[in-house]
Amino acid sequence: MNTFTALALSGLLVAPLLGAASCSSDDLNGYQPPDGLGGYDPGEKPPVLSGSGSGVGAGGPTGQGGAGGGEPPGPPMCDDSLKRCDYIFTLADMGQTSVVVRGNFAADGWDVGVPMTKANGQWEATVPIPYNQPVQYKFVIDGNNWINDPGNPNTIDDGFGGKNSLVSPTTCDPWTCDDPPEDSPVEAWRDAVLYFVFVDRFLDGDPSNNGAAVPNVPTASNYQGGDWQGVINKIKDGYFTKLGVNSLWLTVPIDNTELAGFGNDGKNYSAYHGYWPKDFYKAEERFGTMAKLKELVDEAHKVNITVLIDYAANHAHDSAQVYKDNTSWFWPNTNGSGGNCVCGEGCSWDGATTEKCWFTPYLPDFNYENAAARKYSIDNMVWWWQQTGIDGFRLDALKHMHMSWLTDLRSRVTAEIDSVTGKHFYMVGETYTGDKALIKKYVNPSTMLDGQFDFPLRAEICSKVLMRQGTMQQLEGFLNGNDDAYGNGVMSTFIGNHDLPRVIHLAQQNPLWSDSWDGGKNMNWQNQPGLPAGQDAFERMANGFTLIMTTRGVPLIYYGDEIGLPGAGDPDNRRFMQWSGYSAGQTLLRTHLEKLGQIRKDHVALRRGKRSSLWASNDTMAYKMVHSTETVYVAINRGDTQGSVGNLPSGNLTNLLTGQAVSGPTVNLPPRSSMILVQ
């Protein structure tokens, strides 16, 4: 969603209340509390999450209970066929030299098995095995003596005149989720690199559709002329392909109101962002026609680029005919006690009113407990696919909508889109929070979302790599607890987006904000930051991109971040795209991203492999990405002096970023640099 401010139409300044769900700053006249505001009093600093498995860096919003509070997270949500239980195999220590457990718990389980270790007078091995499915196994003693498990009376014929031990757990803790088979349509989205095109601020390809500025609205929060023709132009000239981008996320294409909205900063805003929908069955004329949007999708598909559209489902503008004709489809703007039900005013962002509160008095909130309202919304979403041939949705404000809306949407998408295209229609959501459990709540590619934007990871990368807070050892610990935190979801990773100040300013020698969650509102209208001098900030930002482009997920590039576009909080973080006159630092960063895009495309391990830590110190870290076909090694030095990493393979290695040869097992990295290495 969007930035951290809450709207007070009464004219009073309301301090941000950080919590769990999602509402767009665009929804709120350029002011928006992060997903699900609440959890602490106005004016308080947001709670800080702690602990290696759930920390999000300084000042992360926590959501419902946050890490270390509230109910413990439940099991991952995935198909039963993908569920795995951590099962502990044990065998009494009788003086054996070695013990290996082998079985059908993995594709190579009979051939390779899992070595067991001595602990507390017995041999042990913890192995993820299929949930509620029969698993056959034996112990191999000292390399050649195969025996049944003497502690398990359950056996089955092994087909060779003997027996295999048999186990089939129906309960276990913790749970994990295997990935679907690599050839499944869901897994194909792991190959995506996503670019967020903020259409109005990207490129004016057709000045004839600009229209007049919305009266009494400042330039920074008014329409500025970007359109779908501008996106088409950049598709055709290969801009996205050169970056390694193969998927575009476009701002909301629905026709929006031409009315201005008032923000609690005393400024008026237009609907340039797309989050104030007026006519759900009409394209936004300032961006082009429906035919032009279809042309954009077709041109993207010609060069193997998929297209997602942002869809504003939580609410309509009060000028929308659907609201005027069907008020029963919307929650009434009353809290039942004589007050309104505006989020953060008469109603809370959290609790019983989470799904009922209005983001502003002019954005009526759909009541998706109403089946007719759900059907209207989902009918419209399917219609947009029918008109354009898009490949997915980016979905907002999930916490504020009834879960039945999301499950109905996935059911309809599977039946009416996937069955026609033979492909998986990707749906990624945004729940602006540091609460992993809340983010995970909506992730299940079979019944809900394929993934969400990984805000906790973003906060850690910005804190540890860009701002140099804490250590890279702490980042390694976080990554180890985060890699499988969302089951088999195909999450999106990022370092910058439209809800936060431009990330280049966190990478400066002296960051402009001390908290990676800071919305940057102190500089959004005055004293706006300029482009950093020198190259150090761009080098740090390049390191941040190295991390997300060499690990699993769908890495996101927010338009302009490839050149370190400057900007404070909303709307200053949405300046018009810079197309020329780049500084040396900007050129360095874009060139680095172009290399990363090609390397990621060429090496499946970076997209679908499993990450394993190799090294971590105060300023350096290294890990490997392992796939059945290859292994790729990544090393990062955030420090301002030369640093080293160890535990790499011995012998010659090639740095794919430069083509240069280095020698393992220890390599030295220049200040603020990274390497991607292969043998």
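A pocket is an open set of grid points, over the protein atoms alone, where a 1.4 Å probe fits, with protein on both sides within 12 Å along at least five of seven lines. In this predicted model, the largest pocket holds about 1200 Å³ of space.

**The largest pocket**

The lining of the largest pocket comprises 46 residues, and those closest to its centre are Asp179, Asp484, Arg552, Gly609 and Lys610. By class, 17 of the lining residues are nonpolar, 14 are polar and 15 are charged. Strands E1 (83–92), E5 (122–130), E10 (175–177), E23 and E24, together with helix H9 (472–482), each supply at least two residues of this lining.

**The antiparallel sheet**

Strands E23 and E24 also belong to an open sheet of six strands, ordered E23-E24-E25-E30-E27-E28 and paired antiparallel. Which strands stand at the edges of this sheet? They are E23 (610–616) and E28 (661–664); each has a single partner strand, so one side of each is left without a neighbour in the sheet. From one strand to the next, the twist averages 30°.

E23 is joined to E24 (residues 620–627) by six bridges, and the two run antiparallel. Lysine 610, one of the residues closest to the centre of the largest pocket, stands opposite valine 626 in E24. Helix H10 (residues 536–549) packs on the sheet and touches E24, E25 (630–637) and E30 (673–678). The direction of H10 makes about 155° with that of E25.

**The parallel sheet**

A second open sheet has eight strands in the order E20-E19-E18-E17-E12-E11-E22-E21, with parallel pairing. Strands E20 (451–452) and E21 (492–493) stand at the edges of this sheet; each has a single partner strand, so one side of each lacks a neighbour in the sheet.

Within the sheet, E11 (residues 194–197) and E12 (residues 247–250) pair in the parallel sense over four bridges. Phenylalanine 196 has tryptophan 249 in E12 as its bridge partner. Helix H3 (residues 290–302) lies across E12 and E17 (306–311), and runs at about 145° to E17.

**Pairs around strand E9**

Strand E9 (residues 163–167) pairs antiparallel with strand E6 (residues 135–141) over three bridges. In this pairing, valine 135 is opposite valine 167 of E9. Three bridges also join strand E8 (residues 155–157) to E9, again in the antiparallel sense, and isoleucine 156 stands opposite asparagine 164 in E9. E8 and E9 form a hairpin with five residues between the strands, where glycine 159 takes a positive phi near 85°.

**Backbone details in loops**

| Peptide bond | Omega |
|---|---|
| Aspartate 570 to proline 571 | near 5° |
| Glycine 664 to proline 665 | near 15° |

Proline 571 lies in the loop between strand E22 (554–558) and helix H11 (584–602). E22 is also a member of the eight-stranded sheet.

Another loop, between strand E26 (643–645) and strand E27 (651–655), contains asparagine 647. Phi of asparagine 647 is near 65°, a positive value in a residue other than glycine.

**Confidence**

The mean pLDDT of the protein is 88, and 87% of its residues reach 70 or more. Over residues 1–75, however, the pLDDT is below 50. Beyond near neighbours in sequence, this stretch has 268 contacts in the model. Where pLDDT is low, the predicted coordinates should not be read in detail.

Note on methods
Residues numbered from 1 in each chain as written. Predicted model: local features only at pLDDT ≥ 70, side-chain atom pairs only at ≥ 80, totals over all residues. Heavy atoms only, no water. Pairing = 2+ DSSP bridges. Axes fitted to C-alpha atoms, helices over the stretch in contact; angles between N-to-C directions. Contact = heavy atoms within 4.5 Å. 1 Å grid on protein atoms, 1.4 Å probe; cavity = no way out; pocket = protein on both sides within 12 Å on 5 of 7 lines; lining within 4 Å. Points joined across faces, edges and corners; volume = space filled by probe spheres on them. Nonpolar A, V, L, I, M, F, W, Y, C, P; charged D, E, K, R; others polar. pLDDT = per-residue confidence, 0-100.
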